[in-house]
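Have a look at the model first.

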Amino acid sequence: MMLREDLRLLFDTEKRMLRRRLAQFFPKPASTAEALRHRGSKPARAKPTLSGRTDEAASTRKKFRGRSRAGEIANWAISIVLHLVVLAIVYPYLLPPPPPPKVREYEVNLRLLAPVAKATEKEDPATPVVPDVAEVVTPTPPVEKPKPKVVEKPVETPTPVESSTAPKSTAPKSEFGIGAGADSGSDSELGSRSGEQAQATRLSRFGGGADTQAAVRDGLEWLANHQNSDGSWDADNFHHHCGGRRCRGSGYPEYKIGVTALATLAFLGAGEDGERATPHKAGVRRALGYLISEQDAVGCVGPRRGNYMYNHAIAAFCLAEAAVLTQEPRYLEATQRALKFSGRTQQLGGGWDYTAARTLRNDLSVTGWQVMAIDTASKAGISVEAKVLRRLQDFISRSVRRNGWATYADRGTGQGRGGVSMVAVGALSKLYLGWTPTSREISRAAEIMVRHRPDPEARTDWVNTFQTKYYWYYATLALFHTGGDYWDAWNTYLKRHVLPLQRQDGHEKGSWDPDPSWIGAAGGRVSATALGVLMFEVYYRYDPIHEKRGSKSRRRSGR
């Protein structure tokens, strides 16, 4: 506004000076009365000198006056031209700005249909690495059994609107494996969790047994004995429930929501959803009720302190599982609100950061929990917008390379850092986003994970080995969904090296000690025990993706 006023003042000044110059160069003509008064008068003659001749000095002055007059005319002309140039430059800035173009708004309703796989496409799976152990468990041949029917209640969700500014996907051009566009029947059930007979069948098929089931039972019992009356678990003060000698391994109090969600997921993984008549029905209902009570008006679960997006993502994952298993409206509504908050807090690069602030930092670890939440919610008919999935897919394609290795973050804390833990997160995210388990990208990641088998002793050198229960949990899920020799080898290592870590003495019986690193210290004993239970529930917790998709996957990446 001030610039426009200054330019107008300059314009008026130049205009006045130009008028003054023009008046000097082109004087006004004499009036009619003055012309009549001087009509007929003769010009005065120069008075003669004593010698009778015109004064030479007067003649010389007249000659110089003529020259001066010519110089003034030239100066006036130059001044006029300069003023005209200045006016020409300033004038456009004084014009009012043109009205903005009318924005046209379009509402696009998309109906995504499952594509028909081409019969001519053939998968070129990579040859898996045969593990260097002799005691690999050979699973029994698959037994054909009908899939349990899941009654899905319709949930009113906003129709996704395709964004014209959404970044183009760098992954293979096809539908997403999760959310909108997932084909009916693809990953539609959460395994065979309910009933001892169903669990026994899955244990036999995928390499579990009485020892793994006993570990799950003891772990759940320890968690139930250390649950608060409001349904939550404390990461730091859980030892208040101990009788006699207190359990060790306190975690950070700011992760109470995440720890509560992990512990609840452990019960859900065993088929205890708070609705069926199970030993811990009341405790599961209280736990889910506590998570819902901690959800704010915009959908965030838990207080917004510290790295709270970890808490929110794991809680959203937990609520989504409860929604799928029970179809209860309160869980469906809470999941829908949680996913809306996740969609709004996604970074422009497609991932998520520690907080909802627009930091432009994309963290693969936080994003991995969001992927599991989005994938699970899609099985309950709850999806995020298509642009959220597209950005997510682009981020996974950028951060997870074709050779299987992945990057923790693209800026800020952990920028450029790799490690086998991120290999596991990246592979599982790709599988949930639709990559086929037999693609070369997944096979290469599986080879890396099998080479870096669970090694409890290497956890003390976490900076170089990245050996943690966090890594073992993600690798267990990724390799279970990949199947084949990769899963057989990993399952052997899991039972040989991780199962014996469960405590068998005192009040700590059934729990797992935290990892000897800052990661273990953050979640504490409750988090370590929940992850341990979840690892040994994998046999019946999910239906393996490799049996559902196989070579018929919609995505043909990495061939």
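Start where helix 15 passes helix 16: the crossing is left-handed. Keep in mind as you look that this is a predicted model. Helix 15 covers residues 469-482 and helix 16 covers residues 484-498. A pair like this is described by the angle between the axes and the distance between them. Here the angle is about 145°, and the axes sit 8 Å apart.

So who touches whom? From helix 15, the contact takes in Tyr471, Trp472, Ala475, Thr476, Leu479, Phe480 and Thr482. Facing them from helix 16 are Gly484, Tyr486, Trp487, Trp490, Leu494 and Val498.

Now zoom out. The protein has 19 helices and zero strands. Of its 559 residues, 49% are buried. As for how the chain comes together, take the contacts between residues at least 6 apart in sequence: 76% of those join residues at least 24 apart.

How far can you trust what you see? The average pLDDT is 80, and 67% of the residues score at least 70. Two stretches call for care. Over residues 49-54, pLDDT stays under 50, and the model has three contacts beyond four places in sequence for them. Residues 105-177 also stay under 50, with 126 such contacts in the model.

Methods. Residues are numbered from 1 along each chain as its sequence is written. This is a predicted model: local features need pLDDT of at least 70, side-chain atom pairs count only at pLDDT 80 or more; totals for chains, interfaces and linings use all residues. Side-chain values use heavy atoms; hydrogens and water are left out. Axes are lines fitted to C-alpha atoms, for helices over the stretch in contact, and angles run from 0 to 180 degrees between N-to-C directions. Helices (H or I, at least four residues) and strands (E, at least two) are DSSP runs, numbered from the N terminus. A crossing is left-handed if the near helix is turned anticlockwise from the far one by less than a right angle, and right-handed if clockwise. Contact means heavy atoms within 4.5 Å. Buried means under 20% relative accessible area, exposed over 50%, partly exposed in between (1.4 Å probe, protein chains only). pLDDT is the predictor's confidence in each residue, from 0 to 100.
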